[in-house]
Amino acid sequence: MPARVYDTLIVGAGFTGIGAAIKLTQAGVDDIVILERDERVGGTWRDTTYPGAACDIPSLLYSFSFVPNPTWSRAYPPAEEIRRHIEAMVDRYGLRRHLRLGVELTGLTFDEAEGVWIANTKGRKRFRARTVVLASGPLPDSSFPDIRGIDSYQGHKIHSARWDHDYDFTGKRVAVIGTGASAVQIVPELVKQAEFVKVFQRTPGWVLPRLDIAMPPIAQELFANVPAVQQLAREALFWGHEASATALVWHTPLTSLVARLGKAHLRMQVKDPWLRRQLTPDFAPGCKRMLISSDYYPALQRDNCKLIAWPIATLSPAGIRTSDGVEHHLDCIVFATGYDVHLTGPPFPVTGLGGRSLAEEWAHGAQAYKSINAHGYPNLFFMTGPNSGPGHNSLLVYVEGQLDYAVKGITTILGNDLRYLDVREDVQRRYNDRIQARLAKTTWMSGCRSWYLTADGFNAAMYPGFATQYLRQMRDFRFGDYEAIERDARRAVYASG
């Protein structure tokens, strides 16, 4: 009996994978399977369980426009509430029959003769599909950072992405390494529990206030009964964030205004001049991810908290030794850093036409057409792929554009019974030449170190423009940009755009 071939295989059951399943079924593509390595759906928001974990984008904007949630509890939703929302999406659209939980992918290989992707898994079971939506996300994995002496430390270690809920911080001396988006949420919670918290900072970031409020019941009722009001509120938030691109994506006079706002927030919350100096960034706002918090600075000034700005020289059996020669004795170290950002492709081998390897081709910088298709890897659609990251707006706004584009591509393949659809190399090259030229003029390339860049400074992460520009390009699916091979023939089929 021949092995089953699905129309579409979706990798990952987070926001993006579930969104892809909804969009595909709505377009009439129901023969799908969703592979998820965990036993629950939720992706990042299932794995992010550290104290204080929440989104730094307003809840009305950090959700799909086609699956509104009128009952968000707060302006900025906590992680667990987002995970429950994803679970509710699965049940609302009857997607559990498509889920295969606890199935971890170990590799994807394209069978050119059959026009089928073969997905190998840890359990040695194989899945076959004509098209694949890769929705595993840019931050699916984490590990302890490569710090000298880390294996010698004899105390307790916790990574922010794999929180140890059984560890009791009461009466403990705790270190937090990192001062990024996770750390500014963790530190205010730890100072409430631990005897003493030391925060080890390599580079201070720009922090703006987080105007978080409980969602009034009357607003929830209005959103539920008059969805157009919620959509209007979402649009207002979208355009407010969109306008901030003029300050955060490019260096303009508005960039200086954001810097002044950040410094004003710092002055209002931190009275000690020396601490303010330690917390003042030396790079332009937007060059690194902006931080949103109203309780991080107050937490650093608690009697049981101290900021350490000296570089870490090594970890020791007792704790952390900094470059000034001081050894900090610690019961526990929290690593709020060390995410494995997959700028060179997914965390498993992807083999395309002629045995080509995606990891090898992307080793010095990932490139794709419109962030979603890569030449030589037909019928494969990347979600949150190369150069699709926003620096000013909700990631899910960008994902919606990717989902719509993927549905157009998949329905083109299935509707025309194509063996495969592969973006042309010249089209991909011209697109990426334009993207890199535009990136050169952005704040991300202005000199600071960030996870947006590879070791040699190549930006494969961010989109150099407005969200409206990105969405406009994703609405334009041009068949002529691809080489199309008929299912029962070896000749190429082209069409004009």
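Which residue is the bridge partner of phenylalanine 110 in β5? In this predicted model, that partner is tryptophan 117.

## Around β4

Strands β4 and β5 run antiparallel, and six bridges join them. Together they make a hairpin with four residues between the strands. Look for glycine 115 in that hairpin: its phi is positive, near 70°.

β4 also pairs with β19, a strand made of residues 350–351. This time the sense is parallel, and there are two bridges. If you want a spot to look at, find threonine 109, which stands opposite threonine 351 in β19.

## A five-strand sheet

Now for another part of the fold. Five strands make an open sheet with parallel pairing, in the order β8-β17-β9-β10-β13. Which strands sit at the edges? They are β8 (156–159) and β13 (305–308), each of which pairs on one side only. From one strand to the next, the twist averages 20°.

Zoom in on one end of that order. Strand β10 (residues 196–200) runs parallel to β13, and four bridges join the two.

## A three-strand sheet

There's also an open sheet of three strands, ordered β14-β15-β16, and here the pairing is antiparallel. Why is one side of β14 (312–315) and of β16 left without a neighbour in the sheet? Both strands stand at the edges and have a single partner strand each, so one side of each has no neighbour there. On average, neighbouring strands of this sheet are turned by 25° against each other, direction ignored.

β14 and strand β15 (residues 319–322) pair in the antiparallel sense, with three bridges. Among the residues involved is threonine 314, and its bridge partner in β15 is arginine 321.

## Salt bridges

Time to look at charges. Side chains of opposite charge can pair when their charged atoms come close. How many salt bridges does the count come to? It comes to 25 salt bridges.

| Residue | Partner | Distance |
|---|---|---|
| lysine 122 | glutamate 104 | 3.4 Å |
| aspartate 331 | arginine 173 | 3.4 Å |
| lysine 192 | glutamate 189 | 3.4 Å |

Take lysine 122 and glutamate 104, which form a salt bridge. The pair links distant parts of the chain, 18 residues apart. Lysine 122 is in the loop between β5 (116–121) and β6 (126–134), while glutamate 104 is in the loop between β3 (99–101) and β4 (105–111). Lysine 122 has a relative accessible area of 61%, so this residue counts as exposed. Glutamate 104 has 29% relative accessibility and is therefore partly exposed.

Aspartate 331 and arginine 173 also form a salt bridge, and this pair links parts of the chain 158 residues apart. Aspartate 331 lies in the loop between β16 (327–329) and β17 (332–335), and arginine 173 is in strand β9 (residues 173–177). The relative accessible area of aspartate 331 is 24%, which makes it partly exposed. Arginine 173, at 36%, counts as partly exposed.

## Out on the surface

Which residues form a nonpolar patch on the surface, with about 250 Å² of accessible area together? They are Leu254, Leu257 and Leu261. Leucine 254 belongs to helix α8 (residues 253–269). Is leucine 254 exposed or partly exposed? Its relative accessibility is 39%, so it counts as partly exposed.

Finally, find aspartate 282 in the loop between α9 (273–278) and β12 (291–292). This residue is exposed, with a relative accessible area of 72%. The C-alpha atoms of aspartate 282 and glycine 205 are 8.8 Å apart, though the two residues are 77 residues apart along the chain.

Note on methods: Residues numbered from 1 in each chain as written. Predicted model: local features only at pLDDT ≥ 70, side-chain atom pairs only at ≥ 80, totals over all residues. Heavy atoms only, no water. Patch = residues over 30% accessible without salt bridge, like charges linked within 9 Å, V, L, I, M, F, W, Y side chains within 5 Å. Areas by Shrake-Rupley, 256 points an atom, 1.4 Å probe, with all protein chains shown as cover. Salt bridge = Lys/Arg side-chain N within 4 Å of Asp/Glu carboxyl O. Buried < 20%, exposed > 50% of the residue type's maximum accessible area, 1.4 Å probe, protein only. Pairing = 2+ DSSP bridges. Axes fitted to C-alpha atoms, helices over the stretch in contact; angles between N-to-C directions.
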